[in-house]
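Please look over the sequence and the model shown here before reading on.

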Amino acid sequence: MNCGVEIRDLKKTFTLARWQGFRRRMTQVTAVDGVTLDVPAGQSVAFIGPNGAGKSTTIKILTGILHPSSGDVKVLGLVPWSQRRKLAQYIGAVFGQRSQLWYHLPPRDTFELIARIYGLERGLYQMSRDALVDRFDLGPLMDTPVRKLSLGQRMRAEVAASLLHRPRVLFLDEPTIGLDAVARQELRDLVREWNTREGVTVFLTSHDAGDIEHVADRVVVINHGRVVVDGPVAEVRRRYVSTRILRAQFQDRPRQIDLPGSVVKSRSAYEWVMEIDVTVTPVQNAIAKLAEAGPIADIAVEDPPLERVITRIYKEHAP
Amino acid sequence: MIRSLADYLHLAAAYVRFNLRAHLEYRGAFFSQVVSMFINDGAWVAFWILFFRRFPVLHGWTVTDVISLWAVVTAGFGLAFGIMGNAFQLASSIAQGEIDVWLLQPRAVLPHMLLGRSAPSAWGDALFGFVVYLGFVRPDWPHAFVFVFMSLIVGVVFIGFAVLCGSLSFFVGHAGALADQWRNALISFSTYPPTLFQGAVKVLLYTAIPAGFVSYLPVEALRSMSAVDVLLCVGGALLVLTTGVTAFYWGLRRYESGNLVSLNG
Amino acid sequence: MRAECLKSISKYSWIGYTAVRSELAYSAANVSRIIFMATVLYVFMRLWSVVYEGAGVERLGGLTETQMLWYLVATESIIMSMPRLWHEVDQDVRTGALAVHLIRPLSYAAAQFGRSTGERVVRFAINLMMGSVVAILFVGPIPFSVAGLSMFALVLPMAFVIDFFGAMLVGLCAFWLESTQGVALIYSRLMMLLGGLMVPLEVYPDSVQPILRALPFAAILNAPGRMLVAPSSALFVHCLEVQTMCLVVYGFAVFALHRYALKRVFVNGG
């Protein structure tokens with residue numbers, strides 16, 4: 001038995017009722033249009049796609065919240081929507097907008113409650129809790145009301161809470177959103193560690209390329225309800241980080257320069273926005289070249305917007 | 001079956017403990033709400049005492065009956081929404097997709113979800129109900145026992161009805177205000193001597209707005225200590241609860257098939 | 001000077017007018033208020049029916065059964081038209097917005113009065129209309145006369161002003177209390193009990209009636225209520241006397257409070 005996630009030709013169509021004057025218009029919206037995926041136990045998968053692509057719907061089906069229109073799903077050998085309660089014992093979830101931690105109470109209290117909810121045996125619970133508190137560095141925070149914690153501390157506690165009952169699969173939805181760089185890296189490391197050391201299968205959705213790079217082994221790109229890219233991170237990374245957007249502001253009117261592998265996105269008297277191919281011209285070289293054009297007042301290096309990269313990927317993989 | 005009930009009570013106790021602890025984080029506001037509700041209920045009882053001084057009997061009901069009515073209704077209401085405060089906001093919880101959180105946990109959704117919150121002012125009602133009954137009516141042990149039991153039954157009616165009203169959200173969008181109205185109708189009618197109502201309205205009070213099970217039967221049971229009234233009340237409460245729970249799970253099935261979900265990624 | 005005065009009046013009228021417009025927009029709240037009123041009227045219709053039947057008389061406290069219900073229409077319309085003034089004042093005290101106005105208290109009070117009266121008048125009118133419709137359906141109309149209705153209409157403004165002062169005082173308690181919500185609740189319960197909301201004061205034991213009549217609550221509810229159902233010039237004069245007394249007392253209270261607030265604000269530096 002494969003103890004991971006098996007999805008076969010998953011489809012989900014929503015019927016939306018819209019009122020037009022006195023008549024009711026029923027529109028069919030297909031959120032998931034035939035997704036087939038196999039995630040073996042212990043793998044860490046980044047599940048990405050633009051808004052409306054069908055990510056949330058798929059996750060909701062995997063966790064038993066929604067019933068699909070058709071298709072088969074097995075998570076840890078269980079059918080999520082018909083064996084929801086049993087499955088819930090073995091999965092954990094951290095959904096960005098909904099916190100499991102009680103806002104006015106310290107994390108310790110929420111942990112206690114979780115032990116009750118999951119029916120954890122006292123000794124095992126304490127071992128699990130102490131290990132998590134230690135590794136997630138929650139010691140000084142355990143007795144502080146959650147409302148007084150910083151977002152980074154809160155997210156650590158949140159993820160720790162979701163691991164208390166030792167789930168086999170962990171679903172993370174935008175866990176690093178709003179975090180500063182340090183907190184983000186800390187959280188990524190912790191999730192990665194739990195994946196590699198404890199063998200917890202990780203299902204991550206995120207808009208952050210860094211999350212994907214540091215946490216996932218595999219990337220699945222979903223768009224218009226279908227899987228369009230499915231492969232190891234390294235392979236997809238080439239497409240993600242192969243371009244950068246350089247935004248340079250000059251003190252004087254810049255001279256013309258030649259930057260191989262670059263595309264000018266916009267040019268004004270004192271500002272250039274260019275997209276460079278880092279496989280052709282690494283960032284360091286590009287900046288050096290730009291400095292030759294004139295004295296630089298300010299320079300920014302940005303990732304290309306994810307939507308665009310995915311659209312490009314999708315176009316490349318269009319039937 | 002007994003074991004799972006014991007387990008559930010254990011969980012409920014944990015939730016009550018944590019909910020109270022959360023309330024006590026804002027001690028001043030909590031006590032102020034409790035006291036306010038106490039005063040509010042007290043004002044109504046004071047009104048009825050003054051009223052009954054002038055008109056001692058209303059279709060067989062005396063001031064003691066009305067006080068008992070207020071006691072059992074507030075005690076029942078207070079226990080119900082103090083322990084299962086989420087019943088109060090069920091409609092909006094459903095509309096905002098809060099159910100998802102509860103669906104992720106290895107518990108039956110409804111009984112678990114209801115425990116998630118506690119209405120702070122409800123504790124004021126509960127306190128009032130017990131204080132007034134024990135202080136004003138000064139019951140003997142059998143009456144006190146029946147009172148506590150009837151309060152629990154009344155609580156069941158309130159919860160069952162609140163669940164029924166809240167489940168509207170599964171079927172009709174923006175049902176929040178409507179659900180509140182309907183639920184408030186029960187509370188309104190529960191606090192007046194039921195002997196005032198006859199005919200069609202009386203039927204209404206045992207069906208669409210089951211105030212009869214909250215006001216008439218409990219007080220009759222306390223007056224006459226009759227097992228029949230108690231059993232009728234229990235039966236009615238179970239009926240209301242079953243209706244509410246059925247409506248909820250029916251709606252939940254619709255929710256899970258996703259026809260309510262607004263698409264957001 | 002005249003132009004200034006006229007400008008002020010028109011400014012506050014405008015504030016009142018916009019409040020009226022915003023009130024009319026809240027139809028959902030109006031619907032729920034109407035349903036509530038209909039429920040209360042129905043319950044009390046049954047209550048009075050049972051009481052009069054049991055007592056076997058036609059008049060209680062000088063009123064017939066029908067008059068009792070119309071009394072309730074009046075008092076409910078008044079009490080359910082109360083705007084959340086105390087909360088606004090409470091917030092203004094806490095945020096310090098009030099401190100700015102302490103130098104020229106009349107402008108603050110006038111602005112608040114303009115706004116809250118605008119809301120109040122609209123709500124009251126809606127309540128009264130709907131309540132009348134319900135009452136006619138339940139028990140039929142009572143004989144109205146132009147004189148009677150005028151007297152009713154004339155007693156209302158003072159009632160609103162007295163209530164306005166009461167609400168201001170409650171809100172101003174924010175100077176001392178962490179939360180004025182409790183005070184507001186006590187005020188509204190006292191109004192309900194001692195003001196004769198559900199039953200006219202004549203129903204209460206004779207010993208307490210004189211005291212109750214002297215209280216401002218009666219001037220807000222009981223007086224207009226009786227004026228609607230059993231108007232008489234004697235009653236009218238009496239009402240005006242009581243209302244004037246209340247206004248004077250309240251006026252003193254607010255004035256004293258204003259002095260105190262000024263002192264306190266300057267000591268604390270605003």
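**Contacts between chains**

The structure is a predicted model. Of the 2 pairs of chains in contact, the pair that shares the most contacts is chains A and B. Chains A and C, by contrast, do not touch, and their nearest C-alpha atoms lie 20 Å apart.

The contact between chains A and B draws 31 residues from chain A and 22 residues from chain B. On the side of chain A that touches chain B, two or more residues come from each of the strands β1 (5–20) and β2 (23–39) and the helices α1 (55–62), α2 (84–88) and α3 (107–117) of chain A. Helix α3(A) gives the most to this side, with 4 residues. By residue type, the side of chain A that touches chain B divides into 15 nonpolar, 9 polar and 7 charged residues.

**Helix α3 of chain A**

Several residues of α3(A) are buried, namely A:Pro107, A:Asp109, A:Thr110, A:Phe111, A:Leu113, A:Ala115 and A:Ile117. The cover over these buried residues includes α4 (122–135) and α5 (151–163) of chain A, together with α1 (2–24) of chain B. After α3(A) comes A:Gly119, which has a positive phi, near 60°.

**Chain C as a whole**

The secondary structure of chain C consists of 12 helices and 0 strands. The radius of gyration of chain C is 20 Å, close to the 18 Å given by the globule rule for 270 residues, so chain C is as compact as a globular protein of that length. Along the principal axes, the C-alpha atoms of chain C fill a box of roughly 65 × 40 × 35 Å. Of the 270 residues of chain C, 41% count as buried. Among contacts in chain C between residues at least 6 apart in sequence, 82% join residues at least 24 apart.

| Helix pair | Axes come within | Crossing angle |
|---|---|---|
| α10 (176–190) of chain B and α2 (27–55) of chain C | 11 Å | roughly 15° |
| α3 (63–83) of chain B and α12 (216–224) of chain B | 9 Å | roughly 125° |

The crossing of α10(B) and α2(C) is right-handed. In this contact, B:Ala177, B:Gln181, B:Ala185 and B:Ser188 of α10(B) meet C:Ala28, C:Ser32, C:Ile35 and C:Thr39 of α2(C). The residues of the contact of α10(B) with α2(C) divide into 4 nonpolar, 4 polar and no charged.

Within chain B, the axes of α3(B) and α12(B) cross at roughly 125°, and these two helices are therefore oblique to each other. The crossing of α3(B) and α12(B) is right-handed. Helix α3(B) contributes B:Asp65, B:Ser68, B:Leu69 and B:Val72 to the contact, and helix α12(B) contributes B:Pro218, B:Val219, B:Leu222 and B:Arg223. The residues of the contact of α3(B) with α12(B) divide into 5 nonpolar, 1 polar and 2 charged.

Technical notes: Residues are numbered from 1 along each chain as its sequence is written. Chains are lettered from A and ligands numbered from 1 in the order in which they are written. This is a predicted model: local features need pLDDT of at least 70, side-chain atom pairs count only at pLDDT 80 or more; totals for chains, interfaces and linings use all residues. Axes are lines fitted to C-alpha atoms, for helices over the stretch in contact, and angles run from 0 to 180 degrees between N-to-C directions. A crossing is left-handed if the near helix is turned anticlockwise from the far one by less than a right angle, and right-handed if clockwise. Two residues are in contact if their C-beta atoms, placed from the backbone, lie within 7 Å. Ala, Val, Leu, Ile, Met, Phe, Trp, Tyr, Cys and Pro count as nonpolar, Asp, Glu, Lys and Arg as charged, and the others, Gly among them, as polar. The radius of gyration is taken over C-alpha atoms; the globule rule is 2.2 Å times the number of residues to the power 0.38. A residue is buried if 20 or more other C-beta atoms lie within 10 Å of its own, exposed if 12 or fewer, and partly exposed in between; C-beta atoms are placed from the backbone. Angles under 35 degrees count as roughly parallel, over 145 as roughly antiparallel, 65 to 115 as roughly perpendicular and the rest as oblique.
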